[in-house]
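Please read these points beside the sequence and the model.

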Amino acid sequence: MVFLKKLLPLVAGLLVCLGLAGAFFGFGPGLVSREFQDGWRFNTGQLPPHAWIGQTFTSRLDGLARIDVLLGSFGLPLVKPLTLELTAVDRPRQDHLARPRPLVDQGVTIPLHGPLQIGQTFLPRRDGLSGVRVLLDAGSMPAPASVRFRLWEAGVIDLPGELLREVVVPAADLPAWGFFEFAFRPLEGSAGRPLLFTLDLAGVPRHTWRDKTFQGLLLRFISDQGQPDGQPWQGVNPEGSAWRPEISVGKDYSFNEPLTLWPANRHLKWRYWQGDLAFGLAYPPALEPGPVLRRAGRRGLAISDNSFNSFSFKPLEDSKGRSFLFSLKTTPGPGREPVALADWALRYPGGCLVVDGVPYEGGLAFRAYNAAAKGTVWRELRDKVTRNKPAPWSGPWFIAALAAAHLLLVGLLVGLVWPRA
Amino acid sequence: MAPGLKGRGISRPGWVLAGLALVFLTRAWLYSVAVPFNGQPDELQHMAQVRIAQAWPQVEAGRTDPGRISAELREALESLGLDPPRPPQKGGVMAGYTPLPERRSLYFRLLGCLARLLGLDDPFLAWRAARWFSILAGLAALGLTWLSARLLFPESELIPVLAAGLVGLLPQFGAMSAAVNPDSLAVLLGAAFFCFLAWTARRGLGPLQTGAGLAILLALAGIKKTALFILPVMVLGGLLLFRARTRGGRLFWTAVLILTGVLAGGLVLAAAWPPAARLFVSLFGLPLTRAWGPGFEPLVFRQAGVVELFLQEARLADPGFWLHLKSLVLVFFKSFWGYFGYLEAPLAWWWYALAALLGVLGTAGWLRFDFSGLTAPRVACLALFGLGLLLALAVIFLRQVIFAPGSLAQGRHLFPALVPLAVLWSAGFASLWPRRWAGWPAGAALALVWLMDLRALWGVVVPWFYRVHL
């Protein structure tokens, strides 16, 4: 009797722990992921309210129930909420994929001021080029000033060719820091055509040049040679380079080399930098999301930095063999917009990155999960954990026994301590 | 005196410690099974260093070289198909990294020597053995935490349970104790050092303790950056003990004067005469240069100096600086409790909120802490514990803010100070509640940490590495 009385707390502790663990493991459906891409090498930039970013994929299982996306929040505890929408698509990957824009948080800031002109050559992958997004900061630009964007044929080595488009935007309409799209009438036949865009300022009052707080229009330059504190980013845009005209009139301290100014006579040589401006190309949407099949949201407080963030929804029973597009949009709320992390290599074979309806070469870091029976999930875990491991780690019973022993020991410990407390 | 459970308390503390140790062992073993190779930070590099140290006689004889050893290790582990998630940036590390052989710290030499003695030529076995070294080091740290709390609070049986429970159930500590990482030796030696302080505060300083203290000091001299904060605590602790031995007489003050003079003179000489600075670095500065990264030496000895650098980096009027600091603190806090992989797999935010609540309660308890029952040496030891903890935090954040602003402060860097943290938190937490029912909140706190650990292992680590949700 005394023995049983002593045993009772231990049994009670054991039951409490086993009950907690049972509730813990029994709660919610089991999920397995067959469609995924874990890696990332660049962030896709903050999502403005009107924009969306997504990924196409083909589900190999029924019961599509959750999509995890690798997001960045810059270490901030609170960012704007995100909404994920799932739609069906016919073809998860198209031909002539656009190239994703380069990193937004790398490189050095360079000023565009005075009569200086800065540009970038590039080679569009798709027809119908309709805009160029440039990362810029117009925070110190005076109100009457404007920025002139011009699109040229790239021409021969050192001369721009025919002027194709011109857009003038008041400085007041430009962001203090962010991508701005210089939109123009779609350019037919742009695929594979070497082009050049240039930026310069107009309407800056003369006295502004003497103002030491005036920084001009700030752009971001990513060097192929690497920054003093960074890695070289080769292959960001192998089909073009940043450039500026070559006339030395002073010293540019941001590069520790001669400063060049836009010459009165533009028939002069151009100088190419070994690197690129931070920019991206815009095309008319080619992949419009269809009717929304599922929608899920995630509050800004719950978004983890540099982690997979889950968007769960009611399982889609007939998802096997179907192709889908999930898109992410920010919704109004406090804080900055989070960013999605992506890779510019097409490492996931079943789909591609999609930005504002344009398919891009690359893919978001994502995992699509399908609901599955608990037994299936445990079997999958067992196979993965024990794969290729020599004994005794290859034994699933060994791992199960270890997990059970852990629970039993905690239960016994609770039974040992609890009644004394 | 802090409330305890004496009279109606746990009558078998040894059993409880044994139970906690077994729970820690099974749990760390599970982490070791679940986390694939290179799943925790830089495990490939650490393992390559161990293999280089293991094959050092052959390297010296010119029969092999570090690059070849690293490549063989990588190929061997890849051929096993351990399937670690390898984002491209880490794939790059996997593909071509060869650690510098001159960075063979005490940890790598020790493990390399052990592997050579045991004849662990199979890379898989060597890797498992190296992970088991970390597990055993973690287990020893758990025991030393218990012992330190018992030594400082012999009247209370709750505080040792709480302190050891926190260490034994802390998710990040469990995961790091299952990875090949030099932190494990730093944690063990840090725990040994603080336990040594508690021992001398309670039992005095005999020849055995002096020997143990000197051994810890010698071992710490060759250890990594995260344990360096201990050195000033050690100097202060040594002075306190010396003062107790000489009863604060003239001999003590003469020693203080000599020590201060030597330190001040050395600093002046090093500041004024570059050869002396270089000599200082070459003689004593290796751990220091490791602490501040490779940029430290040129920054200190070829440029304006640390103070100017600090003023340059600590831009107090710049909101960006505070934002950076805030994000550092957040990541630090999260990764102290549980942030797995290469800071990629966190718990849900509310787990951290609950953990913060535990921290607040443990700190608030010190407002109610009763010092009256404590002897002077124990109070001094608690003060040294607090100083050690603060210094550890200061070193971590100064390093992040000044010398490595691009990197992230990781909570595991605080683990060498886990003993003072656990003991101080437990004492505070236990003091917060009326003695009659202090065991209930304490049990609830440990239950919360256990649930967090359960969630971390099965709900975060397993899904992150194996893409299944149970």
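1. Chain B averages a pLDDT of 79, and 75% of the residues score at least 70; pLDDT is the predictor's confidence in each residue, from 0 to 100. This is a predicted model, in which local features need pLDDT of at least 70, side-chain atom pairs count only at pLDDT 80 or more, and totals for chains, interfaces and linings use all residues. Residues are numbered from 1 along each chain as its sequence is written, while chains are lettered from A and ligands numbered from 1 in the order in which they are written. The model scores ipTM 0.77 and pTM 0.78.

2. Over residues 284-305 of chain B, pLDDT stays under 50. The model has 25 contacts beyond four places in sequence for that stretch (contact: C-beta atoms, placed from the backbone, within 7 Å).

3. Chain B has 22 helices and 3 strands (DSSP runs numbered from the N terminus: helices are H or I, at least four residues; strands are E, at least two).

4. Helix H7 (residues 123-152) and helix H21 (residues 418-431), both of chain B, have axes that come within 9 Å and cross at roughly 45 degrees. Axes are lines fitted to C-alpha atoms, for helices over the stretch in contact, with angles from 0 to 180 degrees between N-to-C directions. H7(B) is therefore oblique to H21(B), as angles under 35 degrees count as roughly parallel, over 145 as roughly antiparallel, 65 to 115 as roughly perpendicular and the rest as oblique.

5. In H7(B), residues including Ala141(B), Leu144(B) and Leu152(B) take part in the contact with H21(B), whose residues there include Leu418(B) and Val423(B).

How values were computed. Contact = placed C-beta atoms within 7 Å.
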